[in-house]
Amino acid sequence: MKETLHTAEQIRKRVLEHTIKNNGGYLSQACSSAEILATLYLKIMHLGRSLAPMIPPPFPGVPSASNKNYFRGGLYNGPAAPEYDRFYLSPAHYALVLYTTLIEVGRMAPEALDQFNKDGSTVEMIGAEHSPGFDMMGGSLAQTLSQAGGIALTRKKRNEPGKVWVFMSDGEFQEGQTWEAVQTLFHYKIDNLGVFIDINGQQCDGQTCDVMCLDPLEERLKAFGAYTVAVNAHDPEALAHAAQHSHPDKPLFVLCYSDPCRGMPLLEKRKPKLHYVRFTSEAERDEYRKFLNNQFQGV
Amino acid sequence: MQILSKIHNRNLVSWAENRPDVVVLSADLTSSTEINGFQSAYPDRFFSMGVAEQNMLSFAAGMAKEGFVPMVHTFAVFIYRQALNQINSSIAYSNLPVKMFGFLPGITTPGGATHQAIEDVAVMRSIPNMTIFETGDATEIETIMDAVYETNGPVYIRMLRGEVPRLFDKEDPFIPNKARILSKGTDITLITSGICTEEAMRASAVLGSKGVSVEHLHVSTHKPFTDPRILEAVSKPKYGVITMENHTIIGGLGTEVAEVMAENGIGKKLKRIGLNDTYAHGGSRHYLMRKYGLDSMALITGIEEFIETSLNISEEDLANIRIEAVHSSAKAEAL
């Protein structure tokens, strides 16, 4: 698990570097989810080798009946074969964290981030279906879980051994469609699907408890028929163990309670507005630059 | 005129028999959308999704991604009004083969404004990758499934249910993006869709006897709208073009025809008959068609205005018209 923790620190470091360089980024999402994504890729998911180039190709145009060049970013997660797991990251603004994870686990080259948010690139700020590691349009929150449910139901019908993993943010549980999806997963006994929820308690307008309270989320999920496990989002061992729970006839929901400032105490000063970090002055940027140099030395 | 009942219910069962990739999704309107036959015949391929349309549309997208061809059935309003974001982000963007069967078009239901799909074509037409069909009679319901299945990408079908007349010969199947030429004429080009076609057939028969020569086309593909027969038909009438649709006149058939005329520089008058930028309310089809000007009498009035002549046609004249199923191309040649 030391390796996983190290990868998580690398994710934080690279996202911080990028945020400083670009004067902005979804930094707190890296803080809260680094261990979750590192553990999924390194310890939980059964994925084949990436089928995509290490340097992401340019935007191939949108899908259509006539676009033969189109590709999906899911190629970075390996072949969609019956024996392999599928992975769907729902909150598409976590894109930078997912791209960084792909780099740290060797599925994409570090230079890929040079294309981040550049015109004509697939390495978009809000991940789309063609963006590395993505496989659907999650930008409008709550649709990924339903789609992954359809995928899991189809795979269950076909007795495929591979599982379906979904990464969600807690804010998505304010959406009605999420609950429609959970009731359907329970109704069809979809137990080949597991969801990791990054419960960082933060959303665009501030703290989740101020914007729209979700408590008690675990009880709500249980009431809808989910099998739930609550863990510390920064403990790879606990995260990996949660994925091993047997949950017959029920979907698995792992509630990962996270700290949106984890590893970067400087962020505490910005509370309760952590959704997107843009430095307000060169002095503040310098502060983060110094922090990067001191904190992540040797990481 | 032959009237058939619950055509889709029977037809879907036989059509889907040897297509194991076809699955049907229902949002608690199984009998109401004539898929109870499918449910009984193929329970393993039938999925009850509850009254939760947004999830149903996204779920269908996931099933399509894994190789199924999901056929979603519910009332049209619950598709394009309730789940428009899901249609866009989960289905249409990815050009997934999710087929959406929307029932209760326009004023075909006494269910009132919440159940009447009056702007579905307008909304769905604006979505990239979307194909839109509309059934107008029993023959089209019986023969539309191959085109729905074979179209690469999502399809929205404006469906009729219950008792439906046969207007077109059984041997004259639905063909995508090909209008049916029901009569040839030189004074007015009349383009209709859905249930308005029967009304227009009634009217055009009487008009002929009054010396008004009508070229009548029935449209069952709203998108793509590139049929050369349309351009040809709108290019030549003496007085102009009239469209008639069971839909708001904004964004549906009338707009489709207007776009073709404008883009091709056809400088003729166009009159759009349909719901005149209004919601309707609950009532019988007969009552609603008269109240909102969607019946054959409304068409006669529209034509009288167009040609600035009174034709002295009565309700009785129209009611006495007997409509037989036509073989569209044969009839076109005969005229």
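In the predicted model, the axes of helix α10 (residues 228-235) and helix α11 (residues 253-263), both of chain B, come within 10 Å and cross at roughly 75°. Since angles of 65 to 115 degrees count as roughly perpendicular, α10(B) and α11(B) are therefore described as roughly perpendicular to each other. The residues that meet in this crossing are B:Ile230, B:Leu231 and B:Val234 on the side of α10(B), and B:Val257, B:Val260 and B:Met261 on the side of α11(B). By class, the contact of α10(B) with α11(B) consists of six nonpolar residues, with no polar and no charged residues.

At the level of domains, the assignment for chain B gives domain 1, spanning residues 3-165, and domain 2, spanning residues 180-334. The centres of domain 1 and domain 2 of chain B, taken over C-alpha atoms, are separated by 27 Å. To the contact between them, domain 1 of chain B contributes 24 residues and domain 2 of chain B contributes 28 residues. On the side of domain 1 of chain B that touches domain 2 of chain B, at least two residues each are supplied by α6 (120-125) and β6 (131-134) of chain B, and β6(B) gives the most, with four residues. The residues on this side of domain 1 of chain B divide into eleven nonpolar, eight polar and five charged.

Between the chains, the contact takes 23 residues from chain B and 22 residues from chain A. The elements of chain B that give two or more residues to the side touching chain A are α3 (53-65) and α5 (84-92), and the largest share of that side, nine residues, comes from α3(B). By class, the residues of the side of chain B that touches chain A comprise eight nonpolar, 13 polar and two charged.

Within chain A, helix α8 (residues 236-243) contains the buried residues A:Pro236, A:Leu239 and A:Ala242. Seen down the axis of α8(A), these buried residues fall within an arc of 125°, so they line one face of the helix. An α-helix has 3.6 residues a turn, so residues three or four places apart point the same way.

Terms used. Residues numbered from 1 in each chain as written. Chains lettered and ligands numbered in written order. Predicted model: local features only at pLDDT ≥ 70, side-chain atom pairs only at ≥ 80, totals over all residues. Axes fitted to C-alpha atoms, helices over the stretch in contact; angles between N-to-C directions. Parallel < 35°, antiparallel > 145°, perpendicular 65-115°, else oblique. Contact = placed C-beta atoms within 7 Å. Nonpolar A, V, L, I, M, F, W, Y, C, P; charged D, E, K, R; others polar. Buried ≥ 20, exposed ≤ 12 C-beta atoms within 10 Å, placed from the backbone. Arc of directions from axis to C-beta. Domains from an automatic or database assignment.
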